[in-house]
Amino acid sequence: MRSQSSKVQTLYDHCKTIFSPSGSPPPSSQALQKLSSILDTVQPADVGLKEETADDDRGHGFFGANVLNRVARWAQPITYLDIHECDSFTMCIFCFPTSSVIPLHDHPGMTVFSKLLYGSLHVKAYDWVEPPFVVESKGPGYPQVRLAKLAVDKVLSAPCETSVLYPKHGGNLHCFTAVTPCAMLDILTPPYIQDERKCTYYHDYPYSAFTAGNAPVCDGEEEEYAWLAELESPSDLYMRQGVYAGPTIQP
């Protein structure tokens, strides 16, 4: 496949045209929609992937106890494939084995386009309630928590449309759990920058776990909200660097 005519090259060319390191001027809605439309057409073979079988019984399955408590996970790692990174955007792929999890985390000030290439993936995502509503720590052992509203809680199964999250809406704080072997192609803009723009991990608590009498939550809507507490980077996030085998990008 010639790189000039590849879908990866088309994605790169469009991203290079519409994204800048400063984010100014912001891309038009038409430009963002065109990017989603291009992503919608991408298949595993377009990025050098072969679809993994969904009949892999080495994991415990999405509804296994290990997923519910997120402690004992299948030991196979998530594989990260770097397609391209520059000051304006990152193009990459995450390949998930069954039952693997990327814990709840954020994308500070970033817009993320995600295309599920194959398989099924459970997505649970939140947006912060604005203005911020915080319950302060009661002392050692008690976290400070901030109120968030559930934005997405569903299983995506390929083929499906591209998902987009924005800095303040669309599920900027999210967790992924692989229902079957699956792969996600992501375009992130601007990219993560160590010590300047890096992700934070969170634990989500049910709304009922903390008392906040003046919280902006109506009766009967409690299940749509959660309290999020910051965590250290998880020590059990098992991820390895893979080699991208798709068409080469010509800058």
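Glutamate 130 is partly exposed, having a relative accessible area of 48%, where buried denotes under 20% relative accessible area, exposed over 50%, and partly exposed the range in between (1.4 Å probe, protein chains only). The model is predicted, so that local features need pLDDT of at least 70 and side-chain atom pairs count only at pLDDT 80 or more, while totals for chains, interfaces and linings use all residues. Residues are numbered from 1 along each chain as its sequence is written, and side-chain values use heavy atoms, with hydrogens and water left out.

Four salt bridges are found in a search of the whole structure, the term denoting a side-chain nitrogen of Lys or Arg within 4 Å of a carboxyl oxygen of Asp or Glu. One of them joins glutamate 130 to arginine 146, with the closest N and O atoms 3.0 Å apart. Another pairs aspartate 204 with lysine 124, at 3.7 Å between the closest N and O atoms; because aspartate 204 lies in strand β11 (residues 201–206) and lysine 124 in strand β5 (residues 120–128), this pair ties together parts that are 80 residues apart in sequence, strands being DSSP runs of E with at least two residues, numbered from the N terminus. Lysine 124 is partly exposed, at 25% relative accessibility.

A salt bridge also forms between the side chains of lysine 149 and glutamate 224 (3.9 Å, N to O). Lysine 149 is partly exposed, with a relative accessible area of 34%, as is glutamate 224, with 36%.

Serine 114, located in strand β4 (residues 111–118), is buried at a relative accessible area of 8%.

Notes:
Helices (H or I, at least four residues) and strands (E, at least two) are DSSP runs, numbered from the N terminus.
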